[in-house]
Amino acid sequence: MQSTTAPGQWTTFDWWPPVGWWPEAARDLLVPGPSMSATFVLPPTATSVHTARSFTVGALTGWGLGELADNMELVVSELATNALRHGLCLDDPARQRSVHMSLVRRGPLVTSAFTDPASSVPVLRYPGPLDTGGLGLHIVESLSLRWGWSALAPHGKIVWAVLS
């Protein structure tokens, strides 16, 4: 597929993450050190969240960052669940039906990032005492140095969280 985006921009159709990618809103956190990435495609199935957690533990262990595994597993679970539950456009056959997950290491920092085809914005909810959900992004916020999202062209978004 021929890309129609300007140089330096990337889309959900490009191989992800592009070389050197790091969330713009977290660039001030960067320190020198090893740079690595691992990418995985999550199909819209019930086992994908478990698979994302296993993939995360394997990557972190391979990078010698096993001490991040417990917190990163929780963050990955929440971001993967949100991407699969709210990010897939299953009623639109023209859009992709998978979620791309990446772990990007830059020194002691690791970003967990998920792309999905939806344009809906992730929002911190304040659920009532009897609600059964709605705390996922609070978990992400409490365990992360920083988290956020960005829109992708022509549609979709990336949601990310940085841990160390």
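**Exercise 1. Get the overall picture.**

What share of the contacts in the protein with a separation of 6 or more is accounted for by residues 24 or more positions apart? Then describe the fold.

*Solution.* 
- Step 1. Residues 24 or more positions apart account for 66% of those contacts. A contact means heavy atoms within 4.5 Å.
- Step 2. Know the source: this is a predicted model, local features need pLDDT of at least 70, side-chain atom pairs count only at pLDDT 80 or more, and totals for chains, interfaces and linings use all residues. Residues are numbered from 1 along each chain as its sequence is written, and side-chain values use heavy atoms, with hydrogens and water left out.
- Step 3. List the elements. The protein has 3 helices and 5 strands. Helices (H or I, at least four residues) and strands (E, at least two) are DSSP runs, numbered from the N terminus.
- Step 4. Read along the sequence. The pattern is β-α-α-β-β-α-β-β.
- Step 5. Check burial. Of the 164 residues, 43% are buried. Buried means under 20% relative accessible area, exposed over 50%, and partly exposed in between (1.4 Å probe, protein chains only).

**Exercise 2. Examine strand S3.**

How many residues of S3 are buried?

*Solution.* 
- Step 1. In S3, 8 of the 8 residues are buried, so the strand is largely enclosed by the rest of the structure.
- Step 2. Recall the rule. In a regular strand the side chains alternate between the two faces of the sheet.
- Step 3. Sort the residues. Leu109, Thr111, Ala113 and Thr115 point one way from S3. Val110, Ser112, Phe114 and Asp116 point the other way.
- Step 4. Take the S2 side. S2 and S3 run antiparallel and are joined by 7 bridges. Leu103 stands opposite Ser112. The hairpin of S2 and S3 has 2 residues between the strands, and Gly107 takes a positive phi near 65 degrees there.
- Step 5. Take the S5 side. S3 pairs with S5 (residues 157–163) over 7 bridges, in the antiparallel sense. Asp116 stands opposite Lys157, and Phe114 opposite Val159.

**Exercise 3. Compare two residues.**

Are Thr111 and Trp160 buried or exposed? What do they touch?

*Solution.* 
- Step 1. Thr111 lies in S3. Thr111 is buried, with a relative accessible area of 0%.
- Step 2. Leave aside neighbours within four places in sequence. The contacts of Thr111 then include Trp21, Trp22, Pro23 and Trp160.
- Step 3. Trp160 is in S5. Trp160 is buried, with a relative accessible area of 3%.
- Step 4. Check a distance. Trp160 and Leu103 are 57 residues apart along the chain, with their C-alpha atoms separated by 9.5 Å.

**Exercise 4. Describe the largest pocket.**

What is the volume of the largest pocket, and which element gives the most to the lining?

*Solution.* 
- Step 1. The volume is about 490 Å³. The search uses a 1 Å grid over the protein atoms alone; a pocket is an open set of points where a 1.4 Å probe fits, with protein on both sides within 12 Å along at least five of seven lines. A cavity is a set of points where the probe fits but cannot get out. Lining residues have an atom within 4 Å of a point. Grid points are joined across faces, edges and corners, and a volume is the space filled by probe spheres set on the points.
- Step 2. Of the 26 lining residues, Asn82, His86, Val123, Arg125 and Leu137 are the closest to the centre.
- Step 3. H2 gives the most, with 8 residues.
- Step 4. Sort the lining by type: 11 nonpolar, 10 polar and 5 charged. Ala, Val, Leu, Ile, Met, Phe, Trp, Tyr, Cys and Pro count as nonpolar, Asp, Glu, Lys and Arg as charged, and the others, Gly among them, as polar.

Conventions. Pairing = 2+ DSSP bridges.
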